[in-house]
Amino acid sequence: KTCLTHRLCAGEFPCRADATIGVDFRERLLDVDGEKIKLQLWDTAGQERFRKSMVQHYYRNVHAVLFIYDVTSPASFTGLTCNLPQEEPQQHENVI
Ligand SMILES: Nc1nc2c(ncn2[C@@H]2O[C@H](COP(=O)(O)OP(=O)(O)OP(=O)(O)O)[C@@H](O)[C@H]2O)c(=O)[nH]1
């Protein structure tokens with residue numbers, strides 16, 4: 001997640017990527033059909049010990065959630081459902 005969001009916002013991959021602790025924030029200005037859009041990305045920690053504590057709170061009031069997994073690790077894909085928001089389901093009626 002860190003490498004992807006860093007590439008999108010900074011234009012290059014980071015030379016080193018340490019494990020995210022809690023949440024990192026990045027943003028990028030986009031031009032969508034002539035309209036300026038500020039894309040704000042919250043890069044949440046993938047490690048279980050950080051995820052349980054605070055990451056769930058960042059699901060609130062977001063427009064989209066991207067689940068990223070490692071194609072070389074089937075476990076990282078099957079574990080994705082563990083990351084789904086567990087609280088206030090009424091705020092997620094648009095989930096596909
Ligand atoms: N080979 C390869 N390695 C990658 C790729 N993307 C990331 N990595 C490596 O995988 C490791 C983890 O990358 P991160 O982007 O920090 O992963 P993350 O999902 O943000 O991890 P957490 O911060 O723990 O949630 C780093 O050592 C990266 O260099 C990729 O596309 N190919």
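Predicted model: local features only at pLDDT ≥ 70, side-chain atom pairs only at ≥ 80, totals over all residues.
Let me begin with aspartate 33, which at 81% relative accessibility counts as exposed, where exposed means over 50% relative accessible area, buried means under 20%, and partly exposed is in between, all with a 1.4 Å probe and protein chains only. Aspartate 33 sits in the loop between β1 and β2, and its phi is near 50 degrees, a positive value in a residue other than glycine.

Residues are numbered from 1 along each chain as its sequence is written, and side-chain values use heavy atoms, with hydrogens and water left out.

Now to the overall layout. The protein has three helices and two strands, and along the sequence these follow the pattern α-β-β-α-α; here helices (H or I, at least four residues) and strands (E, at least two) are DSSP runs, numbered from the N terminus. Of the 96 residues in the protein, 19% are buried. If we take contacts, meaning heavy atoms within 4.5 Å, between residues at least 6 apart in sequence, then 41% of them join residues at least 24 apart. The protein exposes about 7700 Å², of which carbon and sulfur atoms supply 55%, and such accessible areas come from the Shrake-Rupley method with a 1.4 Å probe, where for residues only the protein chains shown count as cover.

Let me turn to the ligand. Which residues are around the ligand? They are Lys1, Thr2, Cys3, Ala17, Ala19, Thr20, Thr44, Ala45 and Gly46, a residue being counted as near a molecule or strand if one of its heavy atoms lies within 4 Å of it. An oxygen atom of the ligand is 2.8 Å from an N or O atom in the side chain of lysine 1, and the backbone takes part as well, with a polar atom of cysteine 3 lying 2.8 Å from a ligand oxygen and a polar backbone atom of threonine 20 lying 2.7 Å from a ligand oxygen. Taken alone the ligand exposes 650 Å², and the protein buries 44% of that.

The next residue to look at is aspartate 43, in strand β2, residues 35-44. Is aspartate 43 buried or exposed? With a relative accessibility of 3%, aspartate 43 counts as buried. Its side chain makes a polar contact of 2.7 Å with the side chain of threonine 2, and another, of 3.2 Å, with the side chain of arginine 26. By polar contact I mean a pair of N or O atoms within 3.5 Å; within protein, one must be able to donate a hydrogen and the other to accept it, and residues adjacent in sequence count only if both atoms are side-chain atoms. Leaving aside residues up to four places away in sequence, aspartate 43 touches several others, including Lys1, Thr20 and Val23.

That brings me to charge pairs. Side chains of opposite charge can pair when their charged atoms come close. A salt bridge is a side-chain nitrogen of Lys or Arg within 4 Å of a carboxyl oxygen of Asp or Glu, and by this rule the count comes to four. One of them joins arginine 16 to aspartate 18, with the closest N and O atoms 2.7 Å apart; arginine 16 is exposed at 61% relative accessibility, and aspartate 18 is exposed at 51%. Another pairs aspartate 24 with arginine 26 at 3.8 Å, N to O, where aspartate 24 is partly exposed at 29% and arginine 26 is buried at 16%. Salt bridges that share partners join Asp24, Arg26 and Asp43 into one network.

I will finish with phenylalanine 13, in the loop between α1 and β1 (23-32), which counts as exposed at 53% relative accessibility. Setting aside residues up to four places away in sequence, phenylalanine 13 touches Cys3, His6 and Arg7. The C-alpha atoms of phenylalanine 13 and alanine 64, 51 residues apart along the chain, are separated by 23 Å.
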